[in-house]
Amino acid sequence: ETSRAIWEQRYPASIEWNRAGTRIAFRDSRGLHVACVGHLPHAPRLRLHDDAVVSVVYAPGGDAVLTGSRDGSAIVWDPLGGEVLSKWGHGAPLAKARWSMRGDRVVVACADGTAHVHDVARTGEALVIRAADAALNDARFLAADERVLTIAADGSCALWDARDGKRVAALAGHRGACHVALVDEERGLVVTGGADRRVLVSDLRNGELLRDLPSYDGGSRVDVDVLGQVTDLAIDRARDRLVAGNRTDFFATWTLADGKAEFVRTHALGQELSMVIAVHPKGRWYAASHSGVSDWTWFDPTSGAVHQVDRAALPNAIVSVLAFSPDGELLLVASRDGTVCLWDLDQRERHLAVLGDHGAIRSAAFRDDGQWVVTGAQDGTVHAWPVNPLPLARAYYGHLVGARLPR
């Protein structure tokens, strides 16, 4: 055996190859399917954590991966060899773990309200920032790694000195949890979204509030407590536009120059509570997933055309990650049913779909060159996947037999 397709379908009646041998078509009880065929040698899979891996990210410009878990641990590891390079324990579950811009330090956000700054090359004591009296939802480096931004479940947002842990500035807070933060260093902006249905734009240097933006159009139902809560933020640089996922069935967008709002309907099936969004690097597409069900959708922000994913191609559980590759050619869709899919939205085609031996996917990220995807699962496992598995399979097979396959 030199390859294996990892698909799970019910009762395929017939299977047909295309002439090039790169795809198969088959019919089952849910309809007709076309799937790309890739040779998948065993990609690195490790059980590094004892609880859900809620944060995973490649090192800037490198191959190391940083993962953070609900078991309180943060680990730097080599995704090709599987070697653990650094490991730190904390007294509370982690919400996020992030690299510094230079890749020499990491910062983690903990459920006890503290942020910990670790030096990757040293094993000594970390800098502990006591940021809030509630759980931190995120912590990240900014201003050339000189400061740390924290956001918390009590709505507080603050900037801290990354060397001594002293508070530099308190940003305008939210009336309720602050769910998400976005930093635009070029414009000198910090954008936060919260449970109070507001998006706050602040000055990166001094924390001054510049704009207070409502995240819904006022015509939506407000009897559901979570409706309108901002759960994700992105910037469409092609249009100079701020985009928010706001737990309703539309996107909220604002022009960064003047704060002018626009609300774009994205879903026609009645499912609300938009959870995760992704914006194409060049603004070609916006994508959104929804809570409570497994569906996700995308639309063209220029024409407003909305595209629905065929039900047969949807995962069987909530989509937890949406992310475009660095070149924008592929959209990563990872789900709580353990599936990891890569989609070509221009062709409306699923490029690769894998189902690994792990639990529900909680976090995932592309490598900087877009050639690998790393995932973190509910059961504490991490897995590295090749985006283009055939070249890897050729090298892997050649290693096994001591020969090089022709291209």
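Q: Which strand holds Leu182?
A: This is a predicted model, in which local features need pLDDT of at least 70 and side-chain atom pairs count only at pLDDT 80 or more, while totals for chains, interfaces and linings use all residues. Residues are numbered from 1 along each chain as its sequence is written, and side-chain values use heavy atoms, with hydrogens and water left out. Strands are DSSP runs of E with at least two residues, helices are runs of H or I with at least four, and both are numbered from the N terminus. On that numbering, Leu182 lies within residues 178-184, which form strand β17.

Q: Is Leu182 buried or exposed?
A: The classes rest on relative accessible area with a 1.4 Å probe and protein chains only: buried is under 20%, exposed is over 50%, and partly exposed is in between. Leu182 has a relative accessibility of 16%, so it counts as buried.

Q: Which residues does Leu182 touch, not counting those up to four places away in sequence?
A: A contact means heavy atoms within 4.5 Å. Val201 is 19 residues from Leu182 in sequence, and their C-alpha atoms are 9.4 Å apart. The residues that Leu182 touches are Leu189, Val190, Val191, Leu233, Ala234, Ile235 and Leu242.

Q: Which side chain makes a polar contact with the side chain of His116?
A: His116 sits in strand β11, residues 114-119, and is buried because its relative accessibility is 14%. A polar contact is a pair of N or O atoms within 3.5 Å; within protein, one must be able to donate a hydrogen and the other to accept it, and residues adjacent in sequence count only if both atoms are side-chain atoms. Beyond four places in sequence, His116 touches residues including His90, Cys110 and Leu127. The polar contact, at 2.9 Å, is with the side chain of Thr114.

Q: What is the phi of Ala144?
A: Most residues other than glycine have a negative phi. Ala144 lies in the loop between β13 (136-142) and β14 (147-152). Although Ala144 is not a glycine, its phi is positive, at about 55°.

Q: Which residues touch Ala144 from beyond four places in sequence?
A: Ala144 is partly exposed because its relative accessible area is 43%. Its C-alpha atom is 6.8 Å from that of Met101, 43 residues away along the chain. The contacts of Ala144 are with Met101, Arg102 and Glu185.

Q: Is Arg197 buried or exposed?
A: Arg197 is found in the loop between β18 (189-194) and β19 (198-203). It is not a glycine, yet it has a positive phi of about 65°. With a relative accessible area of 18%, Arg197 is therefore buried.

Q: How many cavities of 30 Å³ or more are there?
A: On a 1 Å grid over the protein atoms alone, a cavity is a set of points where a 1.4 Å probe fits but cannot get out. Grid points are joined across faces, edges and corners, and a volume is the space filled by probe spheres set on the points. The second largest cavity holds about 50 Å³. The count of cavities of 30 Å³ or more is four.

Q: Which strand gives the most residues to the lining of the second largest cavity?
A: Lining residues have an atom within 4 Å of a point, and here they are Val340, Cys341, Leu342, Leu352, Val354, Val373, Trp385, Pro386 and Val387. Ala, Val, Leu, Ile, Met, Phe, Trp, Tyr, Cys and Pro count as nonpolar, Asp, Glu, Lys and Arg as charged, and the others as polar; the lining has nine nonpolar residues, no polar and no charged. At least two lining residues come from each of β31 (339-344), β32 (349-355) and β35 (381-386). The most, three residues, come from β31.

Q: What percentage of the residues of the protein count as buried?
A: The protein has one helix and 35 strands. Of its 407 residues, the share that counts as buried is 54%.

Key:
1 Å grid on protein atoms, 1.4 Å probe; cavity = no way out; pocket = protein on both sides within 12 Å on 5 of 7 lines; lining within 4 Å.
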